Amino acid sequence: MAEDGKWSTVAALLLEWYGRTARVLPWRERRSLYGTVLSEFMLRQTRVAAAIPYYLRWMERFPDFRSVAEADEGELLCLWSGLGYYGRVRQLKQLCTALCDRRSPPAAPSEWQKFPGVGPYCAAAIAAIGQNYDVVALDANGLRILCRLSGLGPFSSRSAAERALRPSADALALSGRCGPISEALMDLGNGHCRAGRPDCVACPLRDHCAVVQRNLVPENFSKFSTPRSRREERRRLWLQDGRGLWLAVGSGSRLAGLYELPTLPAGTGAGPVLRTIRRRISSTDYVEPVHGADGRLEELLVALRSDGQEVQLFSLDELERLPISGPHGRCIADILANG
Ligand code: SF4
């Protein structure tokens, strides 16, 4: 079969399969451009199952672009708390504010890409799913599927894969159906064409898949070289007295507006480790032992201030309404509940 014929057959099979098996997701049940933008922001770096409760709560409180544009950033951060990658909140607010100042939304992916935080995939997804624009959005699932269907790869980087596979994605584009095709690729990558142990037997595309036809190992056709991860330790402090808990104001673009446990300044002694927070941000694994004050609260507060950390005291009631980063919020709740 000629290549063009192959891709139009694949598109038809994908649509037929998607029509029967599409995942029920809140942003698909009541579709809107705002819902598409919000879901794409939330799904960046976050699994679908983790994003769903946040999406539902957010939609209830902030149902449209204007409500986000006019909201207090602290309230937005509070509602996002636990979802991580908080820069997304500020970028979403900027996008909503800019859209409210325009007569109409952008009409093409290249225009969406001018907003902060909107990369090529996100722009294509918003345009295809939210505006019925004729472009197929390729997330990691889509790239993996096209690698395997075409037998191309492995690639040295994700951008190299995107460049090599864009012609195949363009050949998949059916006028007016690119939104469902993009979503079908996301679902197929989640259900059948998984990164590890794909379910080729039940896959609707198996008769058109290069790795199946050539009896190759699918896992070898989905690899991009990733930066080597590194480990970083950051010691934290639990400073509680009868009035409440001391927290530090986050710094840097990632944590601005959020609160976390203060960082123990280098060379300063503290009490025993109460808990250890572990989290991964991009390619860095952070290990954060949380030390008690061991009766030296005042001395440690002086050390924190000389270290340039802005620390504030919050009553335990206030903590519930405070934007605290997810891992620190869970650690604080655990220590308060279990000692
Ligand atoms: S046949 Fe297997 S490798 Fe090919 S697209 Fe389907 S699940 Fe992926």
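This is a predicted model: local features need pLDDT of at least 70, side-chain atom pairs count only at pLDDT 80 or more; totals for chains, interfaces and linings use all residues.
The domain assignment of the chain places domain 1 at residues 3-221 and domain 2 at residues 230-338. Where the two domains are in contact, 10 residues come from domain 1 and 10 residues from domain 2.

On the side of domain 1 that touches domain 2, helix α6 (residues 73-80) provides the largest share, with 4 residues. By class, this side of domain 1 has 4 nonpolar, 5 polar and 1 charged residues.

## The chain as a whole

The chain contains 17 helices and 8 strands. Its C-alpha trace spans about 75 × 50 × 30 Å along the principal axes. The chain has 339 residues, of which 34% count as buried.

Among contacts between residues at least 6 apart in sequence, 67% join residues at least 24 apart.

## The largest nonpolar core

The largest nonpolar core has 82 residues. Helix α9 (residues 120-131) gives the largest share of this core, with 9 residues. Domain 1 (3-221) and domain 2 (230-338) both contribute residues to the core, and it therefore lies between them.

Ala 128 and Val 136 are the residues with the most contacts inside this core. When neighbours within four places in sequence are left aside, Val 136 is in contact with Ala 128 itself, and also with Ala 169, Leu 172, Ala 173, Cys 178, Ile 181 and Ser 182.

## The surroundings of the ligand

The ligand has 14 residues around it, and those that come nearest are Arg 148, Cys 193, Cys 200, Cys 203 and Cys 209. By class, the shell around the ligand divides into 11 nonpolar, 1 polar and 2 charged residues.

Two helices, α10 (140-150) and α13 (210-213), each supply at least two residues of this shell. Helix α10 gives the most to the shell, with 3 residues.

## Summary of the main features

Around the ligand, the residues that come nearest include Arg 148 and Cys 193, and helix α10 gives the most residues to the shell.

Key
Residues are numbered from 1 along each chain as its sequence is written. A residue is near a molecule or strand if its C-beta atom, placed from the backbone, lies within 6 Å of it. Ala, Val, Leu, Ile, Met, Phe, Trp, Tyr, Cys and Pro count as nonpolar, Asp, Glu, Lys and Arg as charged, and the others, Gly among them, as polar. A nonpolar core is a set of buried Ala, Val, Leu, Ile, Met, Phe, Trp, Tyr and Cys residues joined through C-beta atoms within 7 Å. A residue is buried if 20 or more other C-beta atoms lie within 10 Å of its own, exposed if 12 or fewer, and partly exposed in between; C-beta atoms are placed from the backbone. Domain bounds come from an automatic or database domain assignment. Two residues are in contact if their C-beta atoms, placed from the backbone, lie within 7 Å.
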